[in-house]
Each structure stands twice: as C-alpha cells, then as structure tokens.
Amino acid sequence: MTLRDTPPFRADHVGSLLRPRRLLEARERRAVGEIDAGALKAVEDDAIREVVRMQRDVGLRTATDGEFRRTSWHMDFIYRLGGVRPTDEKIQVHFRNAGGELDFESAALAIDAPVRLTDTIFGDDFTFLRETVDAGQTAKLTIPSPSMVHYRGGRAAIDPAVYPDEEQFWTDLSAAYKEQVKRVADLGCRYLQLDDTSFAYLNDPEQRKLLTQRGDDAEHQHLRYIRQINAALEGRPAGLAVTTHMCRGNFRSSWAAEGGYDFVAEALFSELAVDGFFLEYDDERSGTFAPLRFVPPGKMVVLGLVTTKRGELESKDTLKRRIDEATRYIPLDQLCLSPQCGFSSTVEGNSLSYEEEVAKLRLIAETADEVWG
C-alpha cells in the first residue's frame, strides 16, 4: 500500500469532538453575562490546544479544533453568509436512537438579500488552529456544504423579490463559497471538508417525500447540489485537498434518516469534484458497500466504521473484516478509516465519555497502521 502524505489520511476523523465541561460552563456563563467574550475565548483557546495534542497523541495526522467555538456544525457558518438570517419560525427535526425518539428544534433561515461573502467565515478560528498544530499534523477546517443553505428551507426560504429567478440564487451561493474556499486557502488551509447531510438524507424515501410535499424536486435535488458544489470548487487553489462527509443526522446519539447510498451513488461518486468521501458505515442504517463500485480511480473513501453514537469499543478484527468486505467493490488503496460521524455535531455532544472518544480515535489509528502500514 502507498503511504498517504495528503488528505484524507488512512486514519482520519470527521471533525467535531466532545466539549470539555469547563468549556460548556464558560459558554453558559457568557450567555448570562457573567464573563466577557475575551474570557470565553481564553477558555476556548486552552481547550483547543489540549484537544489538538490529544489528536496527535492517539496517532492521527490530521487535527481539527473540535468545532469548540461553535454551537452547531452548520448554522454558525450559514448565518454568517450575507443575505441569510435566522427567523422566529422553528424547524422541527425528528430524530431516532436506540432508546426511542426525540425532536430537535432549530431556528429557520430566510434569504432576504443577495447571498454574498463578507468576512472570511471561521478565518480567525482556522488561523489559531494552524498555529497550534505540530509540524506533523495537518490542520483541517470543516464547513457545511452549499447544499445545506438550501436543504433547510428550500425555495420557500428564498424571498422572490430578491431572487425571482432561483438560478441567480444558486449562482450567488456558489460564488460566495468559491470566495470562501480561496480565502481559507490563502490563510494556509490545505484540508477542507464540506459537511453535508442532504446527500445521505435523499437516500431515505421518507425524506424525499417531505421535500416533495414542500414543493422541491426531490428526485433530482442531488444533481443540483452536485453542480453547485462543483461550481464552488472550480479553479480551487493548488494544494488544497477537499473532502465531503455525508451524515444521516447526529444529535445526542440520534439520527434522522436511514438507507444506503444507492439513490445518489452513481452521480455523486462519479461527478462530485472532491478528493474523498467520508461515509457512515457503522450499522445497517447505512446499507451495503455495493454503491462503492461507482467510485472512480483516484477518489478516496473514508469508511466510517467506528460509531460515535455509543461508547462501546469496536474490535480490530471486526474493523479489518469490514474493510475487507468493502474491497469487493473498491481497491484497498482507495480506502481509509474514520468514525462514522462527529462526536459532538452540536454543543450537547453524543452519549459517550471523553475517555471513550479517545479510545475510539486511538483504535482507528492503530487499525489503520496495521492494515495499510
């Protein structure tokens, strides 16, 4: 097997990590005015330094800031795009987990002005991370994909007075993302990940039914999203590796969608202009490895075989067996290993301990070393 000096790495992870208790307490104190923004940032900085060291110590070559400065993996970014604002309306997202069901309530969004990029979103956050990682670590920035700006509300969230022609919305959205990509590359980013629930959700017939009911073209939505992501990445700076992570929902160890990748696989894997795909494959919700047959040579697949939904540790033998199963459809040299999702897509985090999180990341690094050398 060839060693990988460019992302994604043989042992990798999605991005978000469990927030330490002192960070959660500092956020609570900031929310009620007991401390100022500078005091909160100091706590964040210390927590990020520690979590970067942890990623190094378990054997990972990539490091994120754990998304420690965010409340949500996506909305903290989306609301900072020009032309996008939160509304008083609430979106109910229905989640399921091993113990039952729960609902997550989030602010909706409205697009009431032309979409544009003003400040470089997460620019200062990435600069701090870049300056914190060791020489052997690659700083990775995670942001929501352009699809997520549309998927939450669809055409109904776009003011027709601003965009009487939806094509102009898509043009502006991709242009804003293209500028964001350029700017973070100028800051030294060499590893960018576009997080995306829409592609995985669209595999679920129930999710497609919901989109059809609100007036969207659910049968072809993924094709639109592929085109717009590609437009955002067109002419991307040399030396910038871009991956995407597809998730079926991740909130307090719960999920929102189910189903394999079959519905989107052929177009997605063959047409999306990214270097690698982070795919959930931790249980039967994710379907079989058969859709991987559409992945062309040169593209990497990061198998998310280690679950973040619970603390029980997987065995190396099981992971190796499942990697071997995947090679029925894609060469081993095109595979990597990771958790199936983040550990804390929202500030609340999943139902496992810090020690369990560390054990899972170490397991991934050790297993990858034994499989690929």
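This is a predicted model: local features need pLDDT of at least 70, side-chain atom pairs count only at pLDDT 80 or more; totals for chains, interfaces and linings use all residues.

Trainee: What is the strand order in the open sheet?
Mentor: The order is β5-β6-β7-β8-β9-β10, six strands with parallel pairing.

Trainee: Which strands stand at the edges?
Mentor: Those are β5 and β10; each has a single partner strand, so one side of each is left without a neighbour in the sheet. On average, neighbouring strands of this sheet are turned by 25° against each other, direction ignored.

Trainee: Okay, and how many bridges do β6 and β7 pair over?
Mentor: Six bridges, linking residues 191-196 of β6 with residues 241-246 of β7. One to look for is Asp 196, whose bridge partner in β7 is Met 246.

Trainee: Which strands does helix α11 touch?
Mentor: Helix α11 packs on the sheet and touches β9 and β10, and its direction makes about 145° with that of β9. Helix α12 also touches β9 and β10, with its direction at about 165° to that of β10.

Trainee: Changing topic: how many cavities of 30 Å³ or more are there?
Mentor: The count comes to two.

Trainee: Which element gives the most to the lining of the largest one?
Mentor: That's α4, with three residues. By class, the lining of the largest cavity has three nonpolar, one polar and four charged residues.

Trainee: And what lines the second largest cavity?
Mentor: Its lining includes Glu 67, Phe 68 and Phe 122. By class there are two nonpolar, no polar and five charged residues.

Definitions and conventions. Residues are numbered from 1 along each chain as its sequence is written. Side-chain values use heavy atoms; hydrogens and water are left out. On a 1 Å grid over the protein atoms alone, a cavity is a set of points where a 1.4 Å probe fits but cannot get out, and a pocket is an open set with protein on both sides within 12 Å along at least five of seven lines; lining residues have an atom within 4 Å of a point. Grid points are joined across faces, edges and corners, and a volume is the space filled by probe spheres set on the points. Helices (H or I, at least four residues) and strands (E, at least two) are DSSP runs, numbered from the N terminus. Ala, Val, Leu, Ile, Met, Phe, Trp, Tyr, Cys and Pro count as nonpolar, Asp, Glu, Lys and Arg as charged, and the others, Gly among them, as polar. Two strands pair if DSSP finds at least two bridges between them. Axes are lines fitted to C-alpha atoms, for helices over the stretch in contact, and angles run from 0 to 180 degrees between N-to-C directions. Contact means heavy atoms within 4.5 Å.
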